[in-house]
Amino acid sequence: MTTFAATVHGCDELDRDALAAWGERFGASLAVPALVTLTGDLGAGKTTIAQAICRGLGVTEPVTSPTFALVHQYRGTKGMVFHLDLYRIGSPHELANIGWDDILGANAVVLVEWPERAGATLPPPDHRLALAHLESAPDRRRLAW
């Protein structure tokens, strides 16, 4: 079992259930406020781990991909959670339209998929999670943090 307080960086190869369990433990360990970036190719599991992190934060409502809405907001037992998917952002200047500065300034957990789309407007995250497909095991993902 991974302990997040003692681990600065790590890497695991996980199936979907193990990835979800990891995300729930990670979410339960998060201190608010926190900025968490989620990187990886399409279908790598960014939304899956975001859903699990939200469960770990005590969010009980369904967590869905904000691909078209760009931002979803949830209330967990630890406070507010903002889940952003910046895939459809054409330029960091568009972030003003979604309340980017207010979201980053909130006393909340902010989960950002496709953070590279934010460019220089993204402050250094508290946690970086990177997911990758494994060619040798299509049902597993490499998670690095």
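At 15% relative accessibility, L70 counts as buried (buried is under 20% relative accessible area, exposed over 50%, partly exposed in between; 1.4 Å probe, protein chains only). L70 sits in the loop between helix 2 and strand 3 (71–76). Its phi is positive, about 75 degrees, although L70 is not a glycine.

The model is predicted: local features need pLDDT of at least 70, side-chain atom pairs count only at pLDDT 80 or more, and totals for chains, interfaces and linings use all residues. Residues are numbered from 1 along each chain as its sequence is written, and side-chain values use heavy atoms, with hydrogens and water left out.

## Fold and overall dimensions

The protein has three helices and seven strands. Both are DSSP runs numbered from the N terminus: helices are H or I with at least four residues, strands are E with at least two. The order from the N terminus is β-α-β-α-β-β-α-β-β-β. The radius of gyration is 14 Å, close to the 15 Å that the globule rule gives for 145 residues, so the protein is as compact as a globular protein of that length. That radius is taken over C-alpha atoms, and the rule is 2.2 Å times the number of residues to the power 0.38.

Along the principal axes, the C-alpha atoms fill a box of roughly 40 × 35 × 30 Å. Among contacts between residues at least 6 apart in sequence, 64% join residues at least 24 apart. A contact means heavy atoms within 4.5 Å.

## Surface and charge

Buried residues account for 46% of the 145. The protein exposes about 7,500 Å², and carbon and sulfur atoms supply 52% of that area. Areas come from the Shrake-Rupley method with a 1.4 Å probe; for residues, only the protein chains shown count as cover.

There are 12 positive and 16 negative side chains, and the centres of the two sets lie 3 Å apart. Lys and Arg count as positive, Asp and Glu as negative; His and the chain ends are not counted. Each charge is placed at NZ of Lys, CZ of Arg, CG of Asp or CD of Glu.

The largest nonpolar core has 24 residues, of which I49, I53, L111, L129 and L143 touch the most other members. Such a core is a set of buried Ala, Val, Leu, Ile, Met, Phe, Trp, Tyr and Cys residues joined through side-chain atoms within 4.5 Å. Helix 1 (16–29), strand 2 (34–39), helix 2 (46–56), strand 5 (108–113) and strand 6 (127–133) each give two or more residues to this core. Helix 2 gives the most, with four. A second, separate core of 16 residues includes I89, L95, A108 and V112.

Helix 2 is mostly covered, with nine of its 11 residues buried. Among them are I49, A50, A52, I53 and C54. L129 touches residues including I49 and I53, as well as W22, F26 and L143.

## Backbone and loops

Most residues other than glycine have a negative phi, and most peptide bonds are trans. W114 has a positive phi of about 60 degrees although it is not a glycine. W114 lies in the loop between strand 5 and strand 6 and is buried, with a relative accessible area of 11%. Just after helix 2, G58 takes a positive phi of about 90 degrees. A cis peptide bond joins V32 and P33, with omega about 0 degrees. P33 is in the loop between helix 1 and strand 2.

G90 lies in the loop between strand 4 (79–85) and helix 3 (100–105). At 65% relative accessibility, G90 counts as exposed. G90 and R117 are 27 residues apart in sequence and 7.6 Å apart in space, C-alpha to C-alpha.

Technical notes: Lists of a residue's contacts leave out its neighbours within four places in sequence.
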